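Me: I would like to learn how to read a few features of a protein model. Please start with pockets.

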Amino acid sequence: MPPSGPRATLLLLPLLLLLRAVLAVPLERGAPKQESPATESPVSGPALLSSQVFAVDTGLYYHRYLQEVINVLETDGHFREKLQAANAEDIKSGKLSRELDFVSHHVRTKLDELKRQEVSRLRMLLKAKMDAEQEPNIQLDHLSLLKQFEHLDPQNQHTFEARDLELLIQTATRDLAQYDAAHHEEFKRYEMLKEHERRRYLESLGEEQRKEAERKLEEQQRRHREHPKVNVPGSQAQLKEVWEELDGLDPNRFNPKTFFILHDINSDGVLDEQELEALFTKELEKVYDPKNEEDDMREMEEERLRMREHVMKNVDTNQDRLVTLEEFLASTQRKEFGDTGEGWETVEMHPAYTQEELKRFEEELAAREAELNAKAQRLSQETEALGRSQGRLEAQKRELQQAVLQMEQRKQQQQGHNGPAPGPEGQLKLHPDTDDALVPAPAGDQKDVDPLGKKVPEQPPRLPQLDSQHL
């Protein structure tokens, strides 16, 4: 019998197959979701469900595009009807994608616009990446580069077709399924880096200081290990503790069905991964205290993920990352439900890495550090060379400025010696130092020059003539 209602909506896309599991992970873990009264919003069914899902970021680089495609598809009545009759195999095989040909023109137009916007965004990302790595003016082959993005069809960059929906389903399914593995790998590197820095810090100390630091560290680790017994997630002891301390009910009247209904926060008939993780908060508080600087909150989140994976492995029999009431009740009938042994083994009892992995990590860090040092040295040398070049350029600039100044001075001197300059009234007179040079005569001195402007030599004074009778 095909699923219907909210359960069918979980099959819309891989993120609706995984929806409140992987997609809800970025929310503040452990905080129970509040159920909104039905009267507060007229939205219901698939639209309400997807709005709850996409209130958080999936972490996928195409999250917004994925979210907008889902929102637009859910506005089409035909597609929603086919969705309710579909199963997971229909969606994964691409059968549901072919129903895209029958959605309304208005919906197709919106999908086309969403794809064009996404292609434009990817092109901008590619250009920014290429500009950072090489010459900014290089010609890009966008079609070839777009092929690295698998969530859309790069051959058709203008319209949203059934192939685009199929690729979106396949890519999101694969990427979201790898979420937990990527989280574990990230945590492993975090722990190795923390250990590497601790070792380097101890190496930098003197012998007495190192011994004191090691003593304090061992004391911190000892206090961290001294905590109440942590129950196995999903066990009868763990669920009864939640029933009594969080729900405020009598542990002797524990009822699995009632427990399931109480913690199905949005009443959709399944426990998603966020709802499951909220059940582990009490156990985590036994080991980690946010107010205690010695407790690593990154380790707490890794612990929460390990607990959720443990429950899913033992309870989620069809591996759809959702726990139905039937699966939950069946798990309470198994022997392991009541037999918890020594309790849950926490992260510090299961190191995230081996010594061989730590050795390779430190070698990788050393190689990267050497590469960065070499690059820094090259940059320093280039900076010094640029400084020297700048000094030479400044010296040449000063020489050129001095040469230009000297040329200007010579030019002015040459203009002063090459010819007589006319006087105020255009007359010329001889230069006092030369016989032939003509220089302007001073104004008011015209009686000493002839019509050609030559100075008339002074005549000796004439003696008065004396006649004979004066003798």
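Reply: On a 1 Å grid over the protein atoms alone, a pocket is an open set of points with protein on both sides within 12 Å along at least five of seven lines, and lining residues have an atom within 4 Å of a point. A volume is the space filled by probe spheres set on the points, which are joined across faces, edges and corners. This is a predicted model, where local features need pLDDT of at least 70, side-chain atom pairs count only at pLDDT 80 or more, and totals for chains, interfaces and linings use all residues. Residues are numbered from 1 along each chain as its sequence is written, and side-chain values use heavy atoms, without hydrogens and water. Here the largest pocket has a volume of about 960 Å³. Its lining has 27 residues, with Lys194, Glu195, Leu217, Gln221 and Glu299 the closest to the centre.

Me: How are two aromatic rings described?

Reply: A pair of aromatic rings is described by the distance of the centres and the angle of the planes. Rings of Phe, Tyr and Trp (its six-membered ring) pair if their centres lie within 6.5 Å; planes under 30 degrees apart are stacked, over 60 edge-to-face, the rest tilted. The count here comes to seven aromatic pairs. Tyr61 and Tyr62 are edge-to-face, at 4.9 Å centre to centre and 90 degrees between the planes. Tyr61 and Phe149 are tilted, at 5.9 Å and 55 degrees.

Me: Which residues form one aromatic cluster?

Reply: Trp243, Phe254, Phe259, Phe260 and Phe328 do.

Terms used:
On a 1 Å grid over the protein atoms alone, a cavity is a set of points where a 1.4 Å probe fits but cannot get out, and a pocket is an open set with protein on both sides within 12 Å along at least five of seven lines; lining residues have an atom within 4 Å of a point.
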